[in-house]
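Work through the two exercises below with the sequence and the model side by side, and try each task before reading its solution.

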Amino acid sequence: MDTLEAILLGIVQGLTEFLPVSSSGHLQIAKEILGVEIENNITFDVTLHAATVLSTIVVMWAEIWKLLKGLFSKTFNDEQRYVLKILLSMIPAGLVGVLLGDQIEALFSSLLFVGCMLLFTSALLTFAYYAKPRQKSEISYRDAFIIGCGQALATLPGLSRSGTTIATGLLLGNEKGAVANFSFLMVIPVILGKMLLDILSGDMAAMSVGTLPLVAGFVAAFLSGALACKFMIGIVKRGKLIWFALYCLLAGLLCVVYNLF
């Protein structure tokens, strides 16, 4: 992997982690185009995930700092309730990762499956856009767990994590801004957990790349991720998800047609 490929893959990871178009699906597409076996390169994968986490922390620092300050209060407060909801939302993804990780990993080699999941993402975003449930100002424990189930489902390649969690939260009747914040905060411990599992797997040096491509990929993923995170929060609040639904529809159809013909 050369430096230019690392930058391109970093940009793809940073943008698509937050935009509701599936980072895993687009990394698979990018791999096909560039001929890079990114899923076998644990070191590079962990580097991109670290950049994604850092970009989320930077963009959402005010919310994170507020949660951290409230977390250590002696009295049970709103911040501690919110953290509990995030922890609750992690359970489904954790179980799926531990029990079905190898089976899901095998699906990454199928561009046809990626295309079908992009089509499913398109349908889910469209449904969330046109549905008009009564909006609730606070995400409940029940809703947090259901949104977490959506996040677990989105471990499938081609199914957008942010798209699935945001659409699920909106369909449950939660306010747009609350759903956007929860969706991006809940992914931080999940990505950190994935990074830890990758590190503990012992394969970090299996297909290491040079220092320059690693640094370039990290910077590209961080900058594009920060822009996408900030941009996406505004998009959700304005209710413009339909444009991403159209994009996923087109991308999914192209993947299916390319695979079949």
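**Exercise 1: the faces of a helix**

In helix α4 (residues 61-71), I64, L67 and G70 are buried, where buried means under 20% relative accessible area, exposed over 50% and partly exposed in between (1.4 Å probe, protein chains only); helices are DSSP runs of H or I with at least four residues, numbered from the N terminus. Seen down the axis of α4, these buried residues fall within an arc of 135 degrees, so they line one face of the helix, the arc being that of the directions from the helix axis to the C-beta atoms. The model is predicted, and local features need pLDDT of at least 70, side-chain atom pairs 80 or more, while totals for chains, interfaces and linings use all residues. Residues are numbered from 1 along each chain as its sequence is written, and side-chain values use heavy atoms, leaving out hydrogens and water.

Task: Which helices do the buried residues of α4 pack against?

Solution: Looking for contacts, meaning heavy atoms within 4.5 Å, one finds that the buried residues of α4 pack against α3 (42-59), α5 (78-106) and α9 (176-200). The face turned away from the buried side carries the exposed residues A62, K66 and K69.

**Exercise 2: a charged pair**

Task: Which residue forms a salt bridge with E138?

Solution: A salt bridge requires a side-chain nitrogen of Lys or Arg within 4 Å of a carboxyl oxygen of Asp or Glu. E138 meets this criterion with K85, the closest N and O atoms being 3.0 Å apart. The pair links distant parts of the chain, 53 residues apart, with E138 in the loop between α6 (111-130) and α7 (141-153) and K85 in helix α5.

Note on methods:
Helix = DSSP H or I, 4+ residues; strand = E, 2+ residues; numbered from the N terminus.
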